[in-house]
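Hi,

Here is the structure I promised to pass on.

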Amino acid sequence: MIGEIYYSRKFLQHKPENYHPENPGRLWVLMSAIRELMLDDRILEPTPVDENFVKKIHNPAYVEFVKRAIREGRRYLDPDTYISPGTWDAALMALGASRLSALAALRYGGLNMALVRPPGHHAGKRGKAMGAPTLGFCIFNNMAAAVLALREEGIKKILVIDFDAHHGNGTQEIFWYDPDVIHIDLHERDIYPWTGYETEIGGGLAKGSKVNIPMPHYSNDADYIFAWNEIVLAVVENVNPKIILLSAGFDGFKGDGLTTLKLTEKFFSYAGASLRKYSIAFIFEGGYDVGLKKGFPAFVKGYEEIEVNDNGQPSYETLKVVEEIKDILSPWWSF
Ligand SMILES: [Zn+2]
C-alpha cells in the first residue's frame, strides 16, 4: 500500500547558479514517475519545522552559520555544496516532510515518501561529518528529523536503512553513540565520503548498532541482492521493527554517473518487495539521472506488487566482505 507522499514546490527554490548534478530537475523526474504510477492523489504539502527543531539535530552554531551564509547571499558552503536564497525554506521544509512521512508510517502503515531536496545524509552535527571534505550537497539531516519524530511518539528502537550509493556519514555520526538507532548502510566502498567501513560499528554502549556494508566497485544486482539478503534482511529480522526509515538514493543505478555500481531495476524492485511487510518512511537522498527514471519507480512497484527472484552469483569480493561483516557483528546479531 502506498501511503502519503510529501512534496513541495519550495524544494525547487534550492537551486544552483550553474550546472550541478543536484538540481531541481531531479524532483521533476520523480514527480513524473509519481504521475505515471497514478499516485498524484497521495501528494500532500508538508509543513516546515522551526529553527528550534533544527537545533535539536545540529549544533546551534552550525545552524546559525548556514542561516547567515544564505542571508549574506553566499553561493557555496564548500566546493560541492551550493546554497541559494531559497535554500533555508527548502531545507526546513525537507526536514518537515521527513518528519511527517515518519509519522504517517507510524499512523497509517504502507510506503510513505518524503520527496525532498536538499538531501541530508551527509550532514553531521556540525556540518561536515566524520572528516569528510565537504557536505556532499546536503544542508541538514532529513533522516534525523524522521528519527526525532518517532522518538517524540515514544518509539524507542528505530531502524534506519540507507541504500544510497554513498555512505550516510552524517546520519552515522549523529547517532554514533545511540544504541537504539540501528543504522544499516549499504554503499560503494572507497568513494566519497571515504567512511562506512565494516569496522565502524558504533561507539560506547552503541557498539553493534551501526552496520556498514562497503560494497566492491562495479557491484551489480547479484552482489547487492546477496548482501541485502545476508546482512540487511537478517538484521531487520533480528530487530523486527514496526517501521523502517529509509534513506533512499538511486545513484547506484548503472550509468547514473557518480559511482561505478551497476545496479538495475532488479535490485531496486527486489529491495522494495522484500520490505513490503513493513511500514516505511522513504526519505529521498541521491540519484541524478537514469537512477531516478528507472530505479525509483522500480522500488515503488516492487513494494506494491512485483515479485523478484534473487538468483545470480555474487562476486568473490562480495562474498568476502559479507563474511567479514558477519564475523565482526556476530556478537550482536544472528545471521
Ligand atoms: Zn549518493
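Along the sequence, the donor residues of the zinc ion follow the spacing D-x1-H-x84-D. His166 and Asp251 bring distant parts of the chain together, as they are 85 residues apart. His166 sits in the loop between β6 (158–162) and α6 (169–174), and Asp251 in the loop between β9 (243–248) and α8 (265–274). Helices here are DSSP runs of H or I with at least four residues, strands are E runs with at least two, and both are numbered from the N terminus.

The protein donors are Asp164 through OD, His166 through ND1 and Asp251 through OD, at 2.0 to 2.1 Å from the zinc ion. A donor is an N, O or S atom within 2.8 Å of the metal (3.2 Å for Na, K and Ca), and water is not among the atoms, so a site may look incomplete. His166 is buried at 8% relative accessible area, and Asp251 is buried too, at 1%. The classes are buried under 20% relative accessible area, exposed over 50% and partly exposed in between, with a 1.4 Å probe and protein chains only.

Before you go further: this is a predicted model, where local features need pLDDT of at least 70 and side-chain atom pairs count only at pLDDT 80 or more, while totals for chains, interfaces and linings use all residues. Residues are numbered from 1 along each chain as its sequence is written, and side-chain values use heavy atoms, with hydrogens and water left out.

Next, the annotation. The unreviewed UniProt entry puts "domain: Histone deacetylase" on residues 20–290; positions are in the numbering used here, feature names are shortened, and annotations may be inferred rather than shown by experiment. Over that stretch the chain is 37% helix and 15% strand, with its end C-alpha atoms 16 Å apart.

On to charges. The whole structure has 18 salt bridges, counted when a side-chain nitrogen of Lys or Arg is within 4 Å of a carboxyl oxygen of Asp or Glu. Some examples:

- Arg26 and Glu22 pair at 2.7 Å, N to O, and both residues are buried.
- Arg189 and Asp190 have their closest N and O atoms 3.8 Å apart; Arg189 is partly exposed at 22%, as is Asp190 at 38%.
- Asp289 and Lys293 come to 3.7 Å, with Asp289 partly exposed at 38% and Lys293 exposed at 51%.
- Glu51, Lys55, Glu64 and Lys67 are joined in a salt-bridge network.

In α5 (residues 142–152), 9 of the 11 residues are buried, among them Met143, Val147 and Leu150. Asn141 caps the N-terminal end of α5, with a side-chain oxygen 3.1 Å from the backbone nitrogen of Met143. After α5 comes Gly154, which has a positive phi near 85 degrees.

Helix α10 (residues 316–329) has 14 residues and runs 20 Å from first to last C-alpha, close to the expected 20 Å, which is 1.5 Å times one less than the number of residues. Its buried residues are Thr318, Val321, Val322, Ile325, Lys326 and Leu329. Down the axis of α10 these fall within an arc of 140 degrees, so they line one face of the helix; the arc is taken over directions from the helix axis to the C-beta atoms. On the other side of α10, Tyr316 and Asp327 are exposed.

Cheers

Methods:
A polar contact is a pair of N or O atoms within 3.5 Å; within protein, one must be able to donate a hydrogen and the other to accept it, and residues adjacent in sequence count only if both atoms are side-chain atoms.
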